[in-house]
Amino acid sequence: MDTDTGEWLGPLLETLSYGIELVSAFILVIGSLVFVWTVGAGLLSPSISVTTALQRGRLKLGTYILAALEFLIVADILFTIVHRTLDDVIVLAIVAGVRTVVSYFLGKEIEALSQEESEAIGVRRRPDSGPSTA
């Protein structure tokens, strides 16, 4: 890469990294609002228990958190491309590792909550296919 390209590519990637972090923050804010709306609507419905309302809210919020985590990993990778010090690579590895572990377990929890919700409304899920009616 020649010096002319390096002069504008680094700041561009860094700006993109910050932009992607902003997208992630926006996703988290929207997810929080959806959580409050879902739980609030559930609590106002006489046919839905508090536990069910909270479970539905957690399911939706967890999905938003997973999406935001994926964006944050991309932003970290772009930032590390620009700042290639050993310290930055180590920090990226640790942060990406933690975020990946959190994403994995959050995904498992969302899957379990989704299956519980499906069973509660009378839909069974088979491990190898989409939903089927009971």
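Analyst: In this predicted model, the chain contains three helices and two strands. Read from the N terminus, these elements follow the order α-α-α-β-β. Of the 134 residues in the chain, 26% are buried.

Side chains of opposite charge can pair when their charged atoms come close. The count of salt bridges here comes to two. One of them joins Glu 109 and Arg 58, whose closest N and O atoms are 1.8 Å apart. Glu 109 belongs to helix α3 (residues 86-120) and Arg 58 to helix α2 (residues 50-82), so that this pair links distant parts of the chain, 51 residues apart. Glu 109 is partly exposed, at a relative accessible area of 33%, and Arg 58 is also partly exposed, at 41%.

The side chains of Arg 99 and Asp 76 form another salt bridge, with an N to O distance of 2.3 Å. Because Arg 99 lies in helix α3 and Asp 76 in helix α2, this pair ties together parts that are 23 residues apart in sequence. A residue counts as buried when its relative accessible area is under 20%. Arg 99, at 19% relative accessibility, is therefore buried, and Asp 76, at 16%, is buried as well.

Links across the sequence can also be considered for the chain in general. Among contacts between residues at least 6 apart in sequence, 65% join residues at least 24 apart. As for the surface, the accessible area of the chain is about 8900 Å², and carbon and sulfur atoms account for 69% of this area.

Definitions and conventions
Residues numbered from 1 in each chain as written. Predicted model: local features only at pLDDT ≥ 70, side-chain atom pairs only at ≥ 80, totals over all residues. Heavy atoms only, no water. Helix = DSSP H or I, 4+ residues; strand = E, 2+ residues; numbered from the N terminus. Buried < 20%, exposed > 50% of the residue type's maximum accessible area, 1.4 Å probe, protein only. Contact = heavy atoms within 4.5 Å. Areas by Shrake-Rupley, 256 points an atom, 1.4 Å probe, with all protein chains shown as cover. Salt bridge = Lys/Arg side-chain N within 4 Å of Asp/Glu carboxyl O.
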